[in-house]
Amino acid sequence: MIEYHFRDWLRGDNVKSVTENLSMKVLVGIKRVLDPQVKARVKADQSGIELTHAKMTMNPFCENAVEEAILLKEAGVVEEIVVVSIGVAKAEETLRNALALGADRAILVLTEQILEPLAVAKVLKHIVEKEVPNLVLVGKQAIDDDCNQTGQMLAALLGWPQATFASNIELQDTDATITREVDGGLETINVNLPAVISADLRLNEPRYASLPNVMKAKRKPLDKITLDTLGLNTANRLTTLAVNEPPARAAGIMVATVEELVDKLKNEAKVI
Amino acid sequence: MNLSDISSISNVKVNNSMNEYKAPLDDMNFVVNQLIGLPELANAIDCEDANNEILEAILTEANKLTSDVWSNTNTIGDRKGVQLSKDGVKVPSEFHKAYWEYVKGDWGSIYFEPEMGGQGLPFSFAMPISEMLQASNMALGLCPMLTAGAIETLQSHASNELKAKYLPKMIKGTWSGTMNLTEPHCGTDLSVIKTTATPDGKHYRIEGQKIYITWGDHDMTENVVHLVLAKLPDAPAGIKGISLFLVPKFLLDEQGNPEKHNDIYAISTEHKLGIHGSPTCVMSYGENGGAIGYLVGEPHQGLKAMFTMMNNERLMVGLQGVALADRAYQQAVGFALQRIQGSAPGHRQKSAIIHHPDVRRMLMTMRSITEASRALTYVAAGITDMSHGNKDPQQRDLAARRVSVIIPIVKGWVTELAQEVTSLGIQIHGGMGFVEETGAAQYYRDARILTIYEGTTGIQALDLANRKILLDCGAGINDLLVQIRVDLDQYSDALTSTRQMAIDNSISGLEQSVQFLLDGARHDIMLSGAISYDLLMQAGYVFGGWQMLRSASLVSGHENKQFSANKLTTAAYYMDHILPRAEAHRLSLIQGSGSVMGIEAEQF
């Protein structure tokens, strides 16, 4: 039986403790991706995934980045949350979703081109220089291309510290303490601000937008700029040769003895 | 992405079980936009927020709540059921979490007055959202559904003082609402209720017993607000002597917060065929001196007050039929795609059962009935909005007349067909559907209540035949049939000429049946009761055909070509295989009451 109090529920589950009142500005990068719950279909010409009429949504790791920004704002550490996305006109829906969750305003950089991480980092750098945030939050990777590069590249281009795969963030006046999820366990580091932090899934549990906030989001400011007007070299450097479905799983077999199993694992599957 | 990421994404977001629910967002958006006609509606009722952008954003978010959170609690509620303890009724803890996510999101506030915390959106917007709630967990969905009915009643009839005290909390959802009508000896006929209300200072003391009270007691909200029908000491006999009272589970303190337990207790909960997660309570009032209640509206006008919410509640039960039909369909599709059995015609190897034509017949039957039901139910909500809010009073009256004819058809026909659709869902699963573990059986069991509560199918049929046709000599339904003919002309190229002719003939058939009733009822007092079910079903199939015809035509400009091709085929299937049933009902009803009533009661 879950014990709880009704009023706690209404206040929200994950309230950050207020340390001190800072008035930081956070910029959050957001990517619109194919909904992870729908089955991806390869285009007939193998040039990529079929996205026409497919259900699209905010990249799950970006949801964690947005949620963290909102928690920081609710804790009084952050004053303004600006969300940025680069993509087609429909990416406005994804930005509006972030506004419904609690971001203050949005910037949409319009392009039909599918950008690689370096190009995305260049565009974000441009925005960062204009907006001058104290902190940039991004998802650690996008679930469509799984690159895991944009945050790192952005930090390098800006000459800022980076803290990737964050599972806990504590902001102080001029620096931040971040717990990172690394292969061997958890690592805690301290970075000076401004910095780029990339969010991992365990950073928080993203909320659902409420009905009144979905409606209010339509009236929050959203600026659109076209990629061409930025004068950046965003040309792709990779060529996709072909996209294929993963091979269908072969049927299993029954083995008679433990020895046979070990032999197969060793010599056929080559996993031990 | 490393392995732990994949597992945590699937823990948080993806429910891999067979019976996960995803809202049919494309069809919902299409029906609200095109079939209700969102721009025309927004303009007629002067609601700026009722636009497509807001609709899409709202539905996307509601789908997250219902598919991620609500849907997973459906089987749990079915298996755990509810428990009556000395502290009252307890519902599964998983329901608490799901419900309070709903409260946090303010999802119950859609169409209520902004002054009381509502969003002021049209009732039409509540259709897709409520469909998602009911499809993802109908047992739980009943709680907010009944609360909405109680809110509507209080909005129209309660004093400003009662409204100010109760409505904001109920609209927020922190308090829930119930309807207390039925007593052990009276269900459909409320004229003989025994519950009494005795004046006691500014309030009343309520004593008596009520049964079948859905969500009558539970531990999920801070308070439960009962609307109770009872008789005052000076009440005239019969229907005219019934008054309506607000009786809270917890009396309020000075600040308006729940404080002392009122003299109301759930004394037992029913064991039922379905909706196990929904507590159906026997409520006892006044065992310790009388429960404190407050009069709602005028004395002796209680039934009239209750009836203000009746139309919407009946529509919502129809919507529950749409919801369960859709969920059963989704699960059947999932199973048919995965289950490999036999080699279908044209397949050399063993194939998934979806390739077998008879399975396809069942899936198309489920699909076309569900889409026609959704279209008719949502359109009825659109007309309801027009009947409340149209700036033009003439249009408002016209809409009110139309909605009164459509409501019994939506409630009766849609829920009857939900029985067939959820049953086909089991049939497609074969033996796997008859055992409980796949979950297909739950929709069938849950659906069974739909033709019973809020007025049985028989009551809906009598409402249609007697009050909606005989009383106005067929004017209301004939007015609708004229509109259907206008649409038929306007959309004359939507389907092949054979199918256009089929719908044309079905309209003539319905006109004949209406006339048959009008002519025959004068000479045969048994006639309307004996044929009303057939008439209701015939009208349902024809009205469903009307909406499928409109769908076939209005889908032509849809940006998703696959959606529009599928809709055309579903409409064609409806005309080919579902609409002919209308004629069978006509052939049955023109036989009159003879063999229905031929054997004397004593001979049974």
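User: Accessible areas come from the Shrake-Rupley method with a 1.4 Å probe. In this predicted model, what share of the accessible surface of chain B belongs to carbon and sulfur atoms?

Analyst: The model is predicted, so no value below comes from an experiment. The accessible surface of chain B comes to about 23,600 Å². The share of it that belongs to carbon and sulfur atoms is 53%.

User: What radius of gyration does chain B have, against that of a compact globule?

Analyst: Along its principal axes, the C-alpha trace of chain B spans about 75 × 75 × 60 Å. For 604 residues, a compact globule would have a radius of gyration near 25 Å. The value for chain B agrees with this, at 24 Å.

User: Which percentage of the residues of chain B count as buried?

Analyst: Chain B contains 20 helices and 12 strands. Of its contacts with a separation of 6 or more, 75% are between residues 24 or more positions apart. A residue counts as buried under 20% relative accessible area. Of the 604 residues of chain B, the buried part is 61%.

User: How far apart are the centres of the positive and negative side chains of chain B?

Analyst: Chain B has 49 positive side chains and 66 negative ones.

User: Is the ring pair of B:F30 and B:F563 stacked or edge-to-face?

Analyst: Over all chains, the structure holds 10 aromatic pairs. For B:F30 and B:F563, the ring centres lie 5.5 Å apart and the planes stand at 65°. Planes over 60 degrees apart fall in one class, so this pair is edge-to-face.

User: How many residues apart are B:F30 and B:F563, and which helices hold them?

Analyst: B:F30 is buried at a relative accessible area of 3%, and B:F563 is buried at 13%. The pair links distant parts of the chain, 533 residues apart. The helices of chain B that hold them are helix 2 (residues 25-45) for B:F30 and helix 18 (residues 561-578) for B:F563.

User: What is the class of the ring pair B:W70 and B:Y102?

Analyst: The ring centres of B:W70 and B:Y102 are 5.8 Å apart, with the planes at 55°. Planes under 30 degrees apart would be stacked and those over 60 edge-to-face. The angle for this pair lies between those limits, so the pair is tilted.

User: Which residues form one aromatic cluster with B:W70 and B:Y102?

Analyst: B:W70 lies in helix 3 (residues 52-70) of chain B and B:Y102 in helix 5 (residues 93-104), 32 residues apart. Both residues are buried. Their aromatic cluster also takes in B:Y99 and B:W100.

User: Is A:H126 buried or partly exposed?

Analyst: A:H126 sits in helix 4 (residues 117-131) of chain A. At 22%, A:H126 counts as partly exposed.

User: Which residues does A:H126 touch, not counting those up to four places away in sequence?

Analyst: A:G48 is 78 residues from A:H126 in sequence and 28 Å away in space, C-alpha to C-alpha. Contact means heavy atoms within 4.5 Å. With residues up to four places away not counted, A:H126 touches A:L230 and A:L232.

User: What percentage of the residues in chain A is buried?

Analyst: Chain A has seven helices and 11 strands, and its C-alpha trace spans about 65 × 50 × 40 Å along the principal axes. Its accessible surface comes to about 14,400 Å². Of its 272 residues, the buried part is 44%.

Terms used: Residues numbered from 1 in each chain as written. Chains lettered and ligands numbered in written order. Predicted model: local features only at pLDDT ≥ 70, side-chain atom pairs only at ≥ 80, totals over all residues. Heavy atoms only, no water. Helix = DSSP H or I, 4+ residues; strand = E, 2+ residues; numbered from the N terminus. Rg over C-alpha atoms; globule rule 2.2 N^0.38 Å. Buried < 20%, exposed > 50% of the residue type's maximum accessible area, 1.4 Å probe, protein only. Lys, Arg positive; Asp, Glu negative; His and termini not counted. Charge placed at Lys NZ, Arg CZ, Asp CG, Glu CD. Phe/Tyr/Trp six-rings, centres within 6.5 Å; stacked < 30°, edge-to-face > 60°.
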